[in-house]
Amino acid sequence: MTTAALPGFADNVHDAQGTFRRLLDAMAHPGRIVTVPGPQAAPPGLDPATAALLLTLCDGETPVWLDPGAAAIADWLAFHAGAPVTTAPARAAFAVVLQPQAMPALDAFDWGTDEVPEASTTLIVQVASLADDTGWTLRGPGIAAQARLAVAGLSQNWFTDRRAMQAAFPRGVDVVFTNGHRVAALPRTTIMES
Amino acid sequence: MNAMTPPAVDVAREEEGYSFAFLDEQTKRMIRRAILKAVAIPGHQIPFGSREMPLSYGWGTGGIQVTASVIGRDDTLKVIDQGADDTTNAVSIRGFFRRMTGVATTERTEDATIVQTRHRIPETKLAEGQVIVYQVPIPEPLRWLEPRETETCKMHGLAEYGAMHVKLYEDIVRYGRIETAYDYPVMVNGRYLMRPSPIPKFDNPKMDYMPALQLFGAGREKRIYAVPPYTSVKSLDFEDHPFEIERWEHRCALCGSGDSFLDEIVVDDQGNHAFVCSDTDYCSQRRAEGHEGTGMPEGYLQPQDGRE
């Protein structure tokens with residue numbers, strides 16, 4: 001397949017480390033927008049940040065669920081990461097969402113259990129825009145007072161679903177939004193207000 | 001043995017023939033995924049596939065694996081052992097990372113991007129953007145109260161921490177106060193009971209709403225956990241027995257500091273002793289600024305100036 005033959009990171013070791021470190025920064029400061037360099041090329045439809053996160057995090061130990069918009073990247077993912085693709089969102093370690101408007105409800109994914117909350121899906125949601133000066137008000141660990149985050153293209157009930165998930169802590173999913181080269185995270189601890 | 005001696009200058013060169021930071025990419029990915037989940041669930045212990053490292057369990061293998069998975073070429077690393085940059089464990093771990101990554105190292109807390117520590121938090125306040133990596137011997141706070149992992153998992157799942165309160169209460173009944181002086185249990189984000197690693201309880205308040213990211217690695221016990229920046233970390237106590245930190249009647253003999261954690265050192269066989277800062281960088285920076293203590297007692301032998 002032509003998609004599979006696209007090059008990945010220019011430098012596997014250091015590009016993966018740099019991408020991880022910026023993602024860690026985003027996860028430790030919910031709502032903060034960080035920039036990742038991205039691979040040399042990304043399959044059509046995949047933003048550089050989305051591709052970089054997959055190359056950094058996925059391997060043979062992580063079943064990945066792809067939404068219909070991302071189905072075409074399966075070969076690319078298999079070639080570079082060796083990650084198995086699952087059709088069941090509830091069994092995915094990572095979920096790739098390129099059509100956020102049509103994404104499954106949050107409780108379709110794995111929330112883990114009270115004893116093993118880390119066995120839960122991390123959602124990588126590629127969106128049309130990200131802004132940190134407007135939108136939701138965020139509070140919780142990693143946020144000194146409050147943060148803002150605006151994400152374009154999510155469905156009407158996404159916010160309600162995410163708010164409902166807060167009561168299930170420590171169960172839940174962690175969400176990473178991507179746009180172009182930019183990344184922002186919404187770990188399950190973050191409390192959202194409209 | 002010569003090969004283990006790090007070069008005298010701060011600029012290191014990466015040793016050829018090894019993966020960057022020693023660990024292979026698959027291992028780093030696995031540890032990175034665990035770290036991300038640890039940050040998302042503050043205080044919760046995440047199991048990970050701890051690797052054999054070129055030093056024994058108990059010498060900081062958990063902290064080393066966490067640091068190795070986080071560190072990049074642009075980082076500046078500081079390693080301390082009981083507050084000191086020049087003790088055996090700190091020197092050998094710093095030497096290890098100099099050879100395996102070629103990153104710059106420092107003793108100055110404010111210049112470091114990553115601080116790996118055994119049993120202390122630096123006196124100099126850590127800032128946003130810094131990462132502190134703790135070496136953890138026993139990660140499970142309930143271990144001496146409940147030996148079965150299956151049970152402690154349930155207790156964490158249900159936030160059932162009564163046993164720990166009973167233990168602290170029994171201390172008060174027996175001794176009139178809570179006797180735990182180090183590895184003093186904390187509640188993270190109001191949800192998870194966590195061992196802060198064997199830091200003195202003096203350091204516990206520094207963890208509360210710390211601007212830096214705190215990562216914990218236990219190599220032998222194969223657990224990683226984390227406290228994100230600006231997260232509540234409360235030491236357990238009772239309304240009528242509030243948490244208190246250690247206080248000294250002495251000041252540091254070298255820099256005169258009255259509010260740092262002091263080590264008592266014996267200086268001769270005549271019973272003479274002195275109190276000095278445990279944090280060597282903090283102490284030497286204060287002395288460089290002109291602060292002075294009462295001086296070391298007579299008979300104290302200055303260490304030879306032949307450090308790494």
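Predicted model: local features only at pLDDT ≥ 70, side-chain atom pairs only at ≥ 80, totals over all residues.
Student: How many residues of chain B are in contact with chain A?
Tutor: Chain A contributes 28 residues to the contact between the two chains. On the side of chain B, the number is 30 residues.

Student: Which element gives the largest share of the side of chain A that touches chain B?
Tutor: That side has 13 nonpolar, seven polar and eight charged residues. The largest share of it, 11 residues, comes from H1(A).

Student: Are H1(A) and H1(B) roughly parallel or roughly perpendicular to each other?
Tutor: H1(A) covers residues 12-28 of chain A, and H1(B) covers residues 25-40 of chain B. Their axes are 10 Å apart and meet at an angle of about 5°. Angles under 35 degrees count as roughly parallel. The two helices are therefore roughly parallel.

Student: How do the residues of the contact of H1(A) with H1(B) divide by class?
Tutor: From H1(A) the contact includes A:Phe20, A:Leu24 and A:Met27. From H1(B) it includes B:Glu25, B:Arg32 and B:Ile35. The division is 10 nonpolar, one polar and two charged.

Student: Is H1(A) roughly parallel or roughly perpendicular to H2(A)?
Tutor: H2(A) is the helix of residues 48-57, and its axis lies 9 Å from that of H1(A). The angle between the two is about 105°. Since 65 to 115 degrees is the range for this class, H1(A) and H2(A) are roughly perpendicular.

Student: Which element gives the most residues to the largest nonpolar core?
Tutor: This core has 118 residues, and A:Val96, B:Ile35 and B:Ile224 have the most contacts inside it. Leaving aside neighbours within four places in sequence, B:Ile224 is in contact with residues including B:Ile31, B:Ile35 and B:Phe216. Eight residues of the core come from the element that gives the most, H1(B).

Student: How far apart are the C-alpha centres of the two domains of chain B?
Tutor: Domain 1 of chain B takes in 2-141 + 185-235, and domain 2 takes in 247-297. In the contact between them, 14 residues of domain 1 meet seven residues of domain 2. Their C-alpha centres lie apart by 27 Å.

Student: Is A:Thr121 buried or exposed?
Tutor: A:Thr121 is in the loop between strands E4 and E5 of chain A. Its contacts beyond four places in sequence include A:Phe94, A:Phe109 and A:Val173. Because A:Thr121 has 25 C-beta neighbours inside 10 Å, it counts as buried.

Student: What is omega for the bond that joins A:Phe169 and A:Pro170?
Tutor: A:Pro170 is in the loop between helix H4 and strand E8 of chain A. Most peptide bonds are trans. The bond joining A:Phe169 and A:Pro170 is cis, with omega of about 10°.

Student: Is B:Lys222 buried or exposed?
Tutor: B:Lys222 is in the loop between strands E8 and E9 of chain B, and it has a positive phi of about 60° although it is not a glycine. A residue needs 20 or more other C-beta atoms within 10 Å to be in this class. With 20 such neighbours, B:Lys222 counts as buried.

Technical notes: Residues numbered from 1 in each chain as written. Chains lettered and ligands numbered in written order. Axes fitted to C-alpha atoms, helices over the stretch in contact; angles between N-to-C directions. Helix = DSSP H or I, 4+ residues; strand = E, 2+ residues; numbered from the N terminus. Parallel < 35°, antiparallel > 145°, perpendicular 65-115°, else oblique. Nonpolar A, V, L, I, M, F, W, Y, C, P; charged D, E, K, R; others polar. Core = buried A, V, L, I, M, F, W, Y, C linked by C-beta atoms within 7 Å. Buried ≥ 20, exposed ≤ 12 C-beta atoms within 10 Å, placed from the backbone. Domains from an automatic or database assignment.
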